[in-house]
Amino acid sequence: MSYFIDLNHYGMKPALIADDGTSLSYDELCEKGDSFFKDSVEPRSLIFILCSNSLESIVGYVGALRNNIVPVLVDAELTPELFEMLFENYKPNFVWMPDPKKELVDGECIYNLDDYVLVKTKYSDKPQMNEELGLLLTTSGSTGSPKLVRQSYNNIASNTASIIEYLDIKSSDRPITTLPMNYTYGLSIINSHLMAGATILVTKHSIMEKEFWTFFDAEKATTFGGVPYTYQILKRLRFFNRDLSNIRYLTQAGGKLPYELSLEVATKCKEKGFDFIVMYGQTEATARMAYLPKEYAISKCGCMGIAIPGGKFWLQDDDGKIIDEADTVGELVYQGDNVTLGYAECREDLAKGDERHGVLVTGDMAKRDSDGFYAIVGRKKRFIKVFGSRVNLDETERLLMGKGYTCACAGVDDRMSIYTEDEGKEKEILYEVSHLLNINASAFKVKHIPAIPKNDAGKTLYTKLENL
């Protein structure tokens, strides 16, 4: 089984347009993706794709899925030490990567396409993989965690079809890339618009750069997606003062947008005559689980909405009992065909079957109002979203402690606080955490304290840290 197999019927319609003026039709996208994989890579090989928002990166991804090759999508800007950890843990047969990065891999360059090269690694033996396994994505932002989410072909197909349905994606749409393609939200935008026959505007420039907006205007973008940080930046840039006559809708996911900003954006969109759609998802559910229908963007502001087509939600208490009462907080549980197979933490785990059987206990605490709309109220476990990337606080602590620092991490979305006993090393730690996570230093605050509070068993008392 494979995915993206039926893109050819869009023919010469533009599939991808880059900000340097180059473009690929759907026929060209399929032809380029097929050409080197069919000749050079056996089906069911494992390939690392070092992702950037570029035509070459998307060609590699589409080509892999079309030819039954299993890709692991990795940030092209991942630090060399974290890349090496992932590489040695999974031992991929091939790496599709930017040419300047090829020194990261000891292997033979067997194909190139513009700025990307295909490297055959020293690991010639293909891993044993479940026949349904189609794609592997990282779970923890850019921390280089060996834990990957195992997505099946059916997961991708079902979630993509659902997104196309509830967003009413059209072949005339022209989304512009604002999110990394190795990030589940960014990838879902690529998947859904390609399957709908739309034209994706591809740029590595961020919304903070003039070149992004020049491209945005010239190519008449109709939509884009953003995490909460995106909308904070757009407000500072006075986005709604621009000519937005081509915009059809905007989407937001990757964490809860502050109520006041969400209401402001929804109101501005309505005034401008286009839609604002808030969504909720996790990599463990392929991408999306919920959306707030556009007509409720203002009246139900603050809610994540209802389950996507084909999905189902419920809340449960600590004993696993279903909560039927409205406005009662419980742990959110989701059921749907997009619930992924489970995790992998090493190469041998790629042979595992479906461990979730269509049900995902999200780890998020939520409540449901009397109209059936859900709202997230907190997290059960120690994860936060930092500029759209999910960060495991415990794992970040372990990474910093591995560098020799004594510290503890706490925080809320888009703001992590790092408490350290190492006086005078605050700036060092700030640099390290920003470097390790590949996230701007403005998201972190490092504070020296005389001693990290612990209980008698030696466990950190995070509630005391949070009170600081």
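Predicted model: local features only at pLDDT ≥ 70, side-chain atom pairs only at ≥ 80, totals over all residues.
The open sheet consists of three strands in the order β2-β1-β10, and its pairing is mixed. Because β2 (23-25) and β10 (200-202) stand at the edges, each with a single partner strand, one side of each is left without a neighbour in the sheet. From one strand to the next, the twist averages 15°. Strand β1 (residues 14-18) and β2 run antiparallel and are joined by three bridges, and within this pairing isoleucine 17 stands opposite serine 23 in β2.

| Helix | Strands touched | Angle between directions |
|---|---|---|
| α1 (residues 26-40) | β1 and β2 | about 95° with β2 |
| α2 | β1, β2 and β10 | about 145° with β1 |

Elsewhere in the chain, β11, helix α7 (residues 228-236) and β12 make a right-handed β-α-β unit. The strands β11 and β12 (residues 249-252) pair in the parallel sense over four bridges, and glycine 225 has threonine 251 in β12 as its bridge partner. In a regular strand, side chains alternate between the two faces of the sheet. In β11 (residues 223-226), Thr223 and Gly225 point one way while Phe224 and Gly226 point the other way, and all are buried.

The largest nonpolar core has 73 residues, and Leu16, Tyr61 and Leu194 have the most contacts inside it. Helix α2 (residues 55-66) gives the largest share of this core, seven residues. Apart from this core lies another, of 31 residues, including Ile17 and Phe216. Leucine 16 touches, among others, Leu24, Ile58 and Leu194, not counting residues up to four places away in sequence.

Note on methods. Residues numbered from 1 in each chain as written. Heavy atoms only, no water. Buried < 20%, exposed > 50% of the residue type's maximum accessible area, 1.4 Å probe, protein only. Helix = DSSP H or I, 4+ residues; strand = E, 2+ residues; numbered from the N terminus. Pairing = 2+ DSSP bridges. Right-handed = clockwise from strand over helix to strand, strands pointing away. Core = buried A, V, L, I, M, F, W, Y, C linked by side-chain atoms within 4.5 Å. Contact = heavy atoms within 4.5 Å. Axes fitted to C-alpha atoms, helices over the stretch in contact; angles between N-to-C directions.
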